[in-house]
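Hello,

Here is the structure we talked about. Please load it, then read on for the pockets and the ring contacts.

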Amino acid sequence: MTNNDRPTKNERRQHAREVARQRADAEKRRKRRNKWFLQGGIGLGIVAVAAIIAIVVVNVNSGGTTSAAGPKNMVTGGIQFTGGDGKITPVTTGAVSADGTPSPVATADSDGKVKVVEYVDWACPVCKQFEGAYADQITDFVKNGQATLEIHPVSILDRSYLGSRYASRAANAAMCVANYAPDKFLDVQTQFFEKQPEEGTKGLTNAEIADLVKAGGATGSDVSECLSNETYKGWVTKITNQVTSDPAVAGPQGFGTPTILVNGQRVSTLTDVVPTIEAAAE
């Protein structure tokens, strides 16, 4: 490099200012996210209070159904993902029988990795907000080989959608995708959160749900039939009842979504999730 090729003093100063500005902007965005979560009262315990009521409604709406077969790739009750070299891959497993219960098996290729477990309701506004703020960071840990991810779809918010059972139908869609197109699960979940209907409405129709599943890349007659027949309706009720009655997951104030566990420990505040993963990965 010749002297003429080297940046001038002014150019170096301008570059330094631009780097500083970018860092400042990133810090402002981070603080806004944290402030939003804190001011909005989006601690896991706060959300749980309202969710306790939802548990009762789920039980009433379900008619007491507790026996149903689960989808493939959810033997733990959730769909698991592992990764490395910038890629993320679902872990394939068998299904849970109608009279069986989920088994907490280790995620494949999990040695030394941080285990992140999420319990989500695709109709949950707070889950949508959490997804928008932190999902990319969490999946980056998986893609980098630092963590595994396990997502448990549940249904606790039917009460918010005017008798349409939207939360349960969305959860059934999650099960259908896990069974027939697990590699599209995260993409479909993104579609559902981006197009999430407002509470106090009837939610999405079955046709609109099918459109979101297709937009996420899960296609085929098996998927369509699973959606239209609501194949995993019984499993949605069964697994939701099991999760909401598990004190290790629910915490002292009851169960709410999203609930996040890092290495088996429930994270009490959503803004602490990423720092907790970072600390565990060190």
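Helix α3 gives seven residues to the lining of the second largest pocket, the largest share. Note that this is a predicted model. The pocket holds about 220 Å³ of space. Its lining has 15 residues, and those nearest the centre are Glu 131, Ala 135, Asp 136, Thr 139 and Leu 186. Two or more lining residues come from each of α3, β4 and α5. By class, the lining has seven nonpolar, three polar and five charged residues.

Now the largest pocket. Its volume is about 320 Å³. It is lined by 18 residues, with Thr 76, Pro 104, Tyr 119, His 152 and Asp 246 closest to the centre. β3, β4 (147-153), α8 (233-244) and α9 (247-250) each supply two or more of the lining residues. Nine lining residues are nonpolar, six polar and three charged.

Next, the rings. The whole structure has six aromatic pairs. In one of them, Phe 81 and Phe 185 have ring centres 6.2 Å apart and planes at 45°, so the pair is tilted. Phe 81 sits in strand β1 (residues 79-84) and Phe 185 in helix α5 (residues 185-194), 104 residues apart. Phe 81 is buried at 2% relative accessibility, and Phe 185 is buried at 0%.

Phe 185 also pairs with Trp 122: centres 5.6 Å apart, planes at 50°, so again tilted. Trp 122 lies in the loop between β3 (114-120) and α3 (125-143), 63 residues from Phe 185. Trp 122 is buried too. Ring pairs join Phe 81, Trp 122, Phe 185 and Phe 192 into a cluster.

Best wishes

Key
Residues numbered from 1 in each chain as written. Predicted model: local features only at pLDDT ≥ 70, side-chain atom pairs only at ≥ 80, totals over all residues. Heavy atoms only, no water. Phe/Tyr/Trp six-rings, centres within 6.5 Å; stacked < 30°, edge-to-face > 60°. Helix = DSSP H or I, 4+ residues; strand = E, 2+ residues; numbered from the N terminus. Buried < 20%, exposed > 50% of the residue type's maximum accessible area, 1.4 Å probe, protein only. 1 Å grid on protein atoms, 1.4 Å probe; cavity = no way out; pocket = protein on both sides within 12 Å on 5 of 7 lines; lining within 4 Å. Points joined across faces, edges and corners; volume = space filled by probe spheres on them. Nonpolar A, V, L, I, M, F, W, Y, C, P; charged D, E, K, R; others polar.
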